[in-house]
Amino acid sequence: MEKKVTILGINGSFGSLFSRLLDKEKQLAITGVDLNNEVYKSSKCSKYIQSDLTVPDEDLKLLLNKSDVIIICLPEDIAYKFLELYKYHIAKTMLLVDTLSVKKDVSLFYIEHDFNALSLNPMFGPDLQIDGKNIIVVKFKETQASTWFISLLELWKLNIVFATSEEHDQMSSIIQVAAHAAVMAFGITLNNSDFSLTELLKVSTPPFLSLSSLFGRIVSGTKKVYWNIQNENAYASAVRKALIKNLIALDESIDGKKEEDFNELIEPKTQDQKDAFKELSHNFSLQFKQNKTK
């Protein structure tokens, strides 16, 4: 039986990615919805509706009522306005899928309204090859529809990690909030440097090049996404303050000529950390060796 899939924000980067992946599957009818007058060439759907998802739309209400799956690939503020506006037009048997970067509030919404939902966080950019990439999945209910969608994630060779909404937000505060904040602090330092980046790249090291590239992805991407990750996560402020505290401690150990304190600060605390950092270092070196041979 043909499934009716509606992708909200189909012209966005993740909406477009999901449309292309789903377009390869059989017995699916994809309808795309976005603000633009027409669907982008990079997106795939059999039907397209132009709609502002923050205002009532009778055609959209009819579409939602007939959908089996709704995939929400929208900015956080637009997504919540849509859910609040159309919550009574989403059937309990329908599968809701979102890609919101923080899960606490959407989790409370799904539980309050007894929705069948999967809340995803792809831990990669939509412009990258997805094979082997990590994706966090928060499940609400166990249904045939959710099992089917998870099987697609497996088919697309994604590495699925299941978590609760709280576990997700705690993990992402380290994986995304801390990592992005550290990279942004480095990038801001570059922006304020008296040297041009072109000059610095002529004498760059692999770590400098990697950090500069990561900052480049942030400033070349959608800044709103990075703002939401920093602003919406309840654990974000504490993690940023821990980063600042650790940098101050590192600075004081160096200014105070306390090499033992310096060594203690950067020494991994567990065997798991030691083993993982050693393997990561090896893989990092291999990557640069391979790049040089290309």
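Okay, strand 6. In this predicted model, seven of the seven residues of strand 6 are buried, so the strand is largely enclosed by the rest of the structure. Have a look at where the side chains go. N116, L118, L120 and P122 point one way, A117, S119 and N121 point the other way, and all are buried.

Strand 7, residues 134-140, runs antiparallel to strand 6, and six bridges join the two. If you want to follow that pairing by eye, L118 stands opposite K139, and N121 stands opposite I136.

Now, how do we get from strand 5 to strand 6? Through helix 4, residues 104-112: strand 5, helix 4 and strand 6 make a right-handed β-α-β unit. Then there's helix 6, residues 165-191, which lies across strands 6 and 7 and runs at about 160 degrees to strand 7.

Eight strands form an open, mixed sheet, and the order is 3-2-1-4-5-6-7-8. Strand 3, at 47-50, and strand 8, at 159-162, stand at the edges with a single partner strand each, so one side of each is left without a neighbour in the sheet. The twist from one strand to the next averages 20 degrees.

Last stop, helix 2, residues 58-66. Helix 2 lies across strands 1, 2, 3 and 4, running at about 150 degrees to strand 2.

How values were computed:
Residues are numbered from 1 along each chain as its sequence is written. This is a predicted model: local features need pLDDT of at least 70, side-chain atom pairs count only at pLDDT 80 or more; totals for chains, interfaces and linings use all residues. Side-chain values use heavy atoms; hydrogens and water are left out. Two strands pair if DSSP finds at least two bridges between them. Helices (H or I, at least four residues) and strands (E, at least two) are DSSP runs, numbered from the N terminus. Axes are lines fitted to C-alpha atoms, for helices over the stretch in contact, and angles run from 0 to 180 degrees between N-to-C directions. Contact means heavy atoms within 4.5 Å. Buried means under 20% relative accessible area, exposed over 50%, partly exposed in between (1.4 Å probe, protein chains only). A crossover is right-handed if, with the strands pointing away from the viewer, the path from the first strand over the helix to the second runs clockwise.
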